[in-house]
Amino acid sequence: MACLRKQHKRSTSQDLRSFARDPGVIEKNVKLLGMDGDTDVQFLLQGGDLLKVRSSSWKKNRYFRLQEDCKTMWRESKRTFRRHRTFSIDDISVVRLGRHTEGLKKYTDQQMGNCCFSIIFKEQRKNLDLIASSEEEAKQWVGSLQKLIDRRNNLNQQQRTEHWIFSCLRKADENKDHKLSVSEVKNFLHLINIDVDDGYADMLFEKCDKSKSGYLFGEEIKDFYNLLTYREEIDVIYREYARSAGVMSCENLVEFLLQEQREMITLAEARKIIEKFEPDEKAKEKEVLTKDGFLIYLHHPDSLLLNPEHKEVYQDMSQPLNHYFISSSHNTYLLEDQLKGPSSTEAYIRALLKGCRCVELDCWDGSDDEPVVYHGYTLTSKILFKDVIKAIKEFAFKASDYPVILSLENHCSVEQQEVMARHMSSILGSALVTSPLGDGIPANFPSPEELKGKFLIKGKSLNKLQATFAPDAAAADESEVTEEEESDDEDEAEEENKKRKLKLSKELSNMVIYCKSVHFNGFEDAKKNLSFNEMSSFKEKKAIALAEESANAFINHNVDKLSRVYPAGSRTDSSNYNPVPLWNAGCQIVALNFQTTCEDMDLNQGKFLVNGKSGYILKPAYMRKALTDFDPITLTRGEWLKHKTLHVMVISAQQLPKVNRKKSSIVDPLVKVEVHGVPADMAVKETRAVDNNGFNPEWNENFQFDVYVPELALVRFLIEDHDSTSGNEFVAQYTLPLNSLKMGYRHVPLLDKSGYVVHAAALFVHIMVIDAE
C-alpha cells in the first residue's frame, strides 16, 4: 500500500510575536511538543493509506494525516484530497496494536493480526479499527500516535493555553491574511468562550491597534494575547510577597509557601524551585522568581489541589482484604443500557484501566459448548466467556498491581461450567488463586499486598475452606443451590417464581476460595453461622435500608466479612445510585455501572483517585475495629469525630469548555462546592453565575463548611452553565477526599463527564482546613 504524499498550505505563527508573518506553524507546534526533528511526528505529518474495517464486507481505504496544529488527525475518502472527517489527538484514550477489538476479531483473519491496530476513543465513541500494509507500518502508526498522545498529555498549563489560543486565532482569521480585523477579533472572542458587547470589543481592539491600521498584526497580536491572559488575582498574590525590588527572592518564596500554602521548605529547596520553574535566565542567576515563573510553579502537578504524596500508594496494604473499599463494576460487559445495548470485552478493558478491581461476568450456555457473557433474557449482545477472560488477563494489572475479583453470576449447565473452569485455569494460570495462601486453615483474608497480581473468584460453592486441606471431605461432583440465591439481578417477584435448582460443577466450585456467595439471613445469623470468606450481595434498596436503619450492625458485619452492593434491576438505562451511604456503612464492593457518566461515578472516581489509583482504599481504623460503636447516622462521640472547618474561596477559572460546540454558544459559569460524607457533613454551596464568560470568569466568593467525620468526606467542585429556564448544564468537575486537599492557593484540574482531564481548563481556589475544636 503506497503512502500518498501531499503538500498543504502552511499557516501562521512561530511564536507570539510572529503569528501573522511566519508561515512555520508546523515547526512551532512540533517545537512546542519537544519533537523537533522527531521521525515519528514527521511520519504522521506525511500520512498514509490505511484500511478501515467496519464489517466483513466493508473495508475501505482511507488516507490519514496529522494536521499542521499537531493535534488533529484528518482522514480522506478516495484520492480527491477532500477533507472527510477529523478527530482530535486529545480524544484518543489509547492506540492498541493487534486484533483486540470485537470488530477486528470478527472481521479479519488471524494471520493479519500483526498488521491490525485500533484507535480507542474516550467517552462512548466507537473504536477505529485499521489495517496497515505491513507489520512494520502498523507498529510505526501505533508508536508514533502513542508518542504524540503522551507528549501532548505532558504539556504544562502555559503551553496548553498558548497552543489553544493560537489555534483559535488561526480559526478566527477567516480570510487567511495573517491579520485580525475587528470582526475577526469578535469571532475569536466567541471561539474562546467570551461574549462581550461591541463597545468592549472595540475598546480591546483599539488598545492593541497601535499602528491605527484597522487590523492587528505581529507585535499587536502578542499584546492582544497578553491582555487576554493577564490574571489580576495572580498579580495581587505575587505583589504581596515579591518584596525584593518587585520580584520574589528565595526568602520571599519560603514565606509564601509557609504562610499561604502551609508548606515548610528550606532556602536550599526554594533555590531548587527557582532553578526548575523560572524561565528567565537572568532571574535564575539572581535567584529570584518572576511572576511568570511563579505562575508556572502554581500550575505544576505537584502544586495542584491534590496532595502529590497521595498520588502514589501511601496506605498500609498489609491489612486483610475486607478492610478496604474496593473499586467495583456492575454488569461490566455492557457498554450502554441493560436491555439491548452491546456487550464487549472493551468494557472490561475500560473498567480495568480506570482502576476497577471487581468485575462482573453473567455467564450463560452458548453454542458449540462455549459459554457466553451477556445480560440474560434481554437483547444485549453476547460475547465469548473465554474472550472476556483473555481481555481481563491482558489488562488486569496495567493500572494497578493489586488483586482483581471476578464476580461470576453463573447460569450455566454443569458441562459449560467445566469449560469455564478450564478457560480460567489455562488463561489465568498461576495468577488464579485456587487454594488458600499460607499454611493451615486461614481465619482471615490475605492482604492486597499478598494478593498482588492475583485473581480471586467470587461465586457459589458448597466447599468449606477446610475441604481444601482435606480432599476426602470435598463436595460431590455436582452440588445444588437454588438459582434464587445464585442470581444477583432478579427482582423479588421473579425470585419467587424461579427457585429451581442450579447444579454446580466441582471444578468451578473449587475455584471459589475467599469470596463464596451466600444468601443473607440477617446480621445475627451471619455472625453465628458464616465463615469469614462467605459473603452476600445486596440489592441497592435493601442495602440502603440497612445502612439507614442498622448502620452500626452493618459496619460490624463488614469488619469481619465482605459485602457487595449492586444497582436495582429497574435501572435498565444503566443509571447509578449514590455509593456514599454504602461506604459509610463499611460496604467494600459497591458496584456501579462504569459506562454511565453521572455524579455517582464522579464520586467513585474521586474516592479512588488516591492511593496510587490502586482501586483499594483502606477503611478508617474505627471501621476495622471489632465491636466498633461508630454509627454515621447518630454520630455518638468517638475517635471518628474530628471536627474540622473547611474554608474555600472560589477565585477564578480559566479556559472552560463550551457546553454547546456552536460558535455562538457562551458559558455562564457558576461553581458549586459540595461535601459528601456522613449525613451531618453533607452540604452544597454555590457562587453567583458570571454572564457570558467561560474564558476567565472571576467570583472571589468565600464558603465555610463544618466537617465532623473528615476521613469519610469527599469534596466535589462542580462547574455548571447557568440556565434559569431549562436548568443548569454540566461543564466540568473534580472530586477528591477531604484529607487529600492541599492548602493555600491551588489550581484545580477539571474533568469532563467521562472523567477525562479537560486540557487547559482549571479552577483557581484558596483552601484552608483547620481544627474546629
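**View 1. Leu258 sits in helix 10 of this predicted model.** The helix in question covers residues 250-259. Once you set aside its neighbours within four places in sequence, Leu258 is in contact with Glu263 and Met264. Have a look for Gly744 as well: it is 486 residues away from Leu258 along the chain, yet the two C-alpha atoms are separated by 9.5 Å.

**View 2. Cys70 is in a loop between two strands.**

**View 3. Tyr377 is another loop residue with a positive phi.** Here the loop runs between strand 12 (372-373) and strand 13 (383-384). Phi of Tyr377 is near 60°, and this residue is no glycine either. Tyr377 has 56% relative accessibility, so it counts as exposed.

**View 4. Cys208 and Cys358 are two buried cysteines.** How many disulfides does the structure hold? The number is 0. Cys358 is in no disulfide, and the nearest cysteine sulfur belongs to Cys356, 6.6 Å away. Cys358 counts as buried because its relative accessibility is 0%. For Cys208 the figure is 3%, so that residue counts as buried too.

**View 5. Stepping back, here is the chain that the close-ups come from.** The protein chain has 24 helices and 30 strands. Its C-alpha atoms fill a box of roughly 95 × 70 × 55 Å along the principal axes. A compact globule of 773 residues would have a radius of gyration near 28 Å, and the 29 Å of this chain agrees with that. Of those 773 residues, 58% count as buried. Among contacts between residues at least 6 apart in sequence, 67% join residues at least 24 apart.

View 6. The accessible surface of the protein chain comes to about 32700 Å², and carbon and sulfur atoms account for 47% of that. As for charges, there are 103 positive and 119 negative side chains. The centres of these two sets lie 5 Å apart.

Note on methods: Residues numbered from 1 in each chain as written. Predicted model: local features only at pLDDT ≥ 70, side-chain atom pairs only at ≥ 80, totals over all residues. Heavy atoms only, no water. Helix = DSSP H or I, 4+ residues; strand = E, 2+ residues; numbered from the N terminus. Rg over C-alpha atoms; globule rule 2.2 N^0.38 Å. Buried < 20%, exposed > 50% of the residue type's maximum accessible area, 1.4 Å probe, protein only. Contact = heavy atoms within 4.5 Å. Areas by Shrake-Rupley, 256 points an atom, 1.4 Å probe, with all protein chains shown as cover. Lys, Arg positive; Asp, Glu negative; His and termini not counted. Charge placed at Lys NZ, Arg CZ, Asp CG, Glu CD. Disulfide = S-S within 2.5 Å.
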